[in-house]
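Please open the model in a viewer and keep a selection panel at hand.

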Amino acid sequence: MTGTPPALLLVAHGSRDPRHAATVAALRSRVAARLPGVRVAAGFLDLRTPDVPTALARLAEDGVRTAVAVPLLLTHAFHASTDIPDVLRTATPRELTVHQAPVLGPSRLLLSALESRLREAGVPAHARRTTGVVLAAAGSSDPAATATVEALARTWQATGWHTVHPAYASATGPRTEDAVRALRAGGCRRVAVARYMLAPGRLPDRVAASAATAGADAVTEPLGAAREVVALLVRRYEAGVAGTAAGVATGVRAAA
């Protein structure tokens, strides 16, 4: 592809918690540093500005003609399959074509980020065989999203941890406190809770509180703007650009 590269639009769910918006801003900044010459913008589905329609309009007004929208989501559930395609279809200006990239998970880079967060939380790598990990996700009513988290837990456990047990802050179970207690009862000397969430907010705070109540030994920070997450966003963008160049029929235009 020649000429100006497609823009990158990070699509976040949105939250009233200012820490969430700060995380999105940090991701945008760090991704932009990795992609010199690429216009990197962010838009929110709800609760924050700019919303996605405004972000799309600004890109078009500035002369952007092609963009790749990367959802800031760890699993493919309702937002990725319905909300984001709907807003891209109805709000994209006629002169702009947008290619929706896949969500971030699953990815080995996310496992690497989780490992980094555990080390930061004081969990030593040499204690893997005696440490149980609760993989705490936000939760979804979509069985496919839950299956993705469960598969990630199995993959992570295979790297040497005593047990990796999925848990969820909403929509489905088990809850974090139940998973912590189950790991302790299963003989784990140390129990750590890894928050499989991108940014701070109500659900991540709920997970941390539940972990403390159940007596977890460590709780990680959300993934945030970790270098692995930044690298994954760049990878998703580059794959989206390749799909656009190959003429993949996934572009989205405004409805007639």
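Select P174 first: this residue sits in the loop between β6 (163-168) and α6 (176-185). Helices and strands here are DSSP runs, H or I over at least four residues for helices and E over at least two for strands, numbered from the N terminus. The model is a predicted one, in which local features need pLDDT of at least 70 and side-chain atom pairs count only at pLDDT 80 or more, while totals for chains, interfaces and linings use all residues. Residues are numbered from 1 along each chain as its sequence is written, and side-chain values use heavy atoms, with hydrogens and water left out.

Display the backbone from G173 to P174: the peptide bond is cis, with omega near 5°. In the loop between β6 and α6, select A171 as well. A171 is not a glycine, yet its phi is positive, at about 70°. Is A171 buried or exposed? With a relative accessible area of 56%, A171 is exposed; the classes are buried under 20%, exposed over 50% and partly exposed in between, with a 1.4 Å probe and protein chains only.

T49 and P50 are joined by a cis peptide bond, with omega of about 0°. L47 also lies in the loop between β2 and α2, and its phi is positive, about 75°, although L47 is not a glycine. L47 counts as partly exposed because its relative accessibility is 39%.

Now select strand β7, residues 190-196. Six of its seven residues are buried, so β7 is largely enclosed by the rest of the structure. Which strand is joined to β7 by seven bridges? Strand β5 (residues 131-137) is, and the two run parallel; strands pair if DSSP finds at least two bridges between them. To view this pairing, select L135, which stands opposite A194 in β7. Strand β8 (residues 218-219) is also joined to β7, by two bridges and in parallel. There, A218 in β8 is the bridge partner of A192. In a regular strand, side chains alternate between the two faces of the sheet.

Two serines in helices form the next stop. S210 belongs to helix α7 (residues 202-214) and is buried, at 15% relative accessible area. Which residues does S210 contact once neighbours within four places in sequence are left aside? They are T176 and E177, where contact means heavy atoms within 4.5 Å. S116 belongs to helix α4 (residues 108-120) and is buried, with a relative accessible area of 11%. Draw a C-alpha to C-alpha distance from S116 to T220: the value is 9.3 Å, for a pair 104 residues apart in sequence.

Finally, show the whole chain, which holds eight helices and nine strands. Its C-alpha atoms fill a box of roughly 60 × 30 × 30 Å along the principal axes. Of the 256 residues, 52% count as buried. Among contacts between residues at least 6 apart in sequence, 79% join residues at least 24 apart. Colour by charge to finish: the mean positions of the 29 positive and 19 negative charges are 5 Å apart. Lys and Arg count as positive and Asp and Glu as negative, while His and the chain ends are not counted; the charge is placed at NZ of Lys, CZ of Arg, CG of Asp or CD of Glu.
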